[in-house]
Amino acid sequence: MPLGSRVIRRLSWLAPLVALVLVAACGQEYPQSSLFPKGEPARLEDGLFFQTVWWAAAVFVLVEGALVYAIIRYRAKPGAAEPNQIHGNTIVEIIWTMIPALILVGIAVPTVKAIFKENETPKGGDALTVEVVGHQWWWEFRYPELNLTTANELHVPVGRTISLKMGAYDVIHSFWLPQFAGKRDVFPNRETRLWFNAEQPGEYSGQCAEFCGIQHGRMGFRVIAQPPAEFQGWVAHMKTITMQPAAASAAPKDSVHTSTAGAAVQQQAKPAPPAADSAKAAPAGPQNPEVAQGQKLFLMKGCVGCHALVAYNAPKGLLGPNLANVGARTHIAAGTLANTDENLAHWIRFPQDVKHGVLMPNLGVTEAEAKALVAFLRTHR
Ligand code: CUA
């Protein structure tokens, strides 16, 4: 027996094991799969996908079935004469051209309808408009009606159509929120539109889907869908955030994530409460010397040149993400790290290690300075 065959035979017992591992991988939840739609128009796309899959499956079974039948039924038998030789059959050929053509029409009609539906700009006053700006490598979200700006975490009210007006600051990106809508490229100097509708409260993840530079893979975002009243509470709270550190009592309890999924993720991420460990007895607000020191550093180190700390009426055109509620976000650096004190300090000190090529430079922040900056930023929630 040749060596290759012997090796294959020896290792054949591994096959079921490998299959088990592969099948087990299907058991977990995929937050970025379009196969689990949670709202329109993703549900529409999912329906189209499975409609096509069932057509393909039916064609496969019929064609392969006919083939297998012919192979067995008309196989060569000892002593049998040569079968009739057929050269062309117009009727059969017309039939097998017409059937696929009709199937294609059956797929094309709902597909084209869905394309038009998905490209509609929502009409009527009920849609909430959000301006999306793709940056290398983070997402800016602006609510023109509310005069609010935020970054990387998009809060939306459940049950209301969200109408996205999208563009890019630098290069082409692609906004992809698989559980709600398909991909849509975003361009500098050109507007593209997309809409979606969250049916259930929760936290949903999205991702840039167009290669946009070395950190393209770390350009994620989250959509936090909240019941309308909770969303209004979030809006009202965001309007109160100022450059000044907030006192601990001013921060809403459980921050902004009261939805179940949001709370679960937040628990997992364990962002520290506003008071840093070393300052348990000290107040978290402006009276806390570490927070005050952090505020001073935020100005001195130049952070303020790129990052706004107010969400309401926020300055436009800044290079860095808006940090008004950074203390409450589940992730930092556009989904790269969980928003823990350690990760935030590491990110502030070594942005180029965490996300090489990012616009944020290493500013020579010491460990103590990073701790103070974290304490200050935690009050912004
Ligand atoms: Cu932005 Cu890829």
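## Helix faces and aromatic contacts

At the start of helix 7, Asn288 places a side-chain oxygen within 2.7 Å of the backbone nitrogen of Glu290, a polar contact (a pair of N or O atoms within 3.5 Å; within protein, one must be able to donate a hydrogen and the other to accept it, and residues adjacent in sequence count only if both atoms are side-chain atoms). This is a predicted model, in which local features need pLDDT of at least 70 and side-chain atom pairs count only at pLDDT 80 or more, while totals for chains, interfaces and linings use all residues. Residues are numbered from 1 along each chain as its sequence is written, and side-chain values use heavy atoms, with hydrogens and water left out.

Buried here (under 20% relative accessible area; exposed is over 50%, partly exposed in between, with a 1.4 Å probe and protein chains only) are Glu290, Val291, Gly294, Gln295, Leu297 and Phe298. They share one side of helix 7 because their arc around the axis is only 165 degrees, taken from the directions from the helix axis to the C-beta atoms. Pro289 and Met300, on the other side, are exposed. Helix 10 is included in what covers the buried residues of helix 7, where contact means heavy atoms within 4.5 Å. Just after the helix, Gly302 has a positive phi of about 90 degrees.

Helix 8 (residues 341-349) buries Asp341, Leu344, Ala345, Trp347 and Ile348. Those residues lie on the same side of helix 8, since they cover an arc of only 160 degrees. They pack against strand 12 (331-332), strand 13 (337-338), helix 9 (351-354) and helix 10 (367-378).

Now to the rings. The structure holds 11 aromatic pairs (rings of Phe, Tyr and the six-membered ring of Trp, centres within 6.5 Å; planes under 30 degrees apart are stacked, over 60 edge-to-face, the rest tilted). Tyr143 and Phe231 form a tilted pair, because their centres are 6.3 Å apart and their planes at 45 degrees. Tyr143 is in strand 3 (residues 138-143) and Phe231 in helix 5 (residues 228-240), so the pair ties together parts 88 residues apart in sequence. Ring pairs also link Trp139, Phe141, Phe175 and Phe221 into a cluster.

Two charges sit over rings (NZ of Lys or CZ of Arg within 6 Å of the ring centre and within 35 degrees of the ring normal):

| Charge | Ring | Distance from ring centre |
|---|---|---|
| Lys183 | Trp176 | 4.8 Å |
| Arg190 | Phe187 | 4.4 Å |

Notes:
Helix = DSSP H or I, 4+ residues; strand = E, 2+ residues; numbered from the N terminus.
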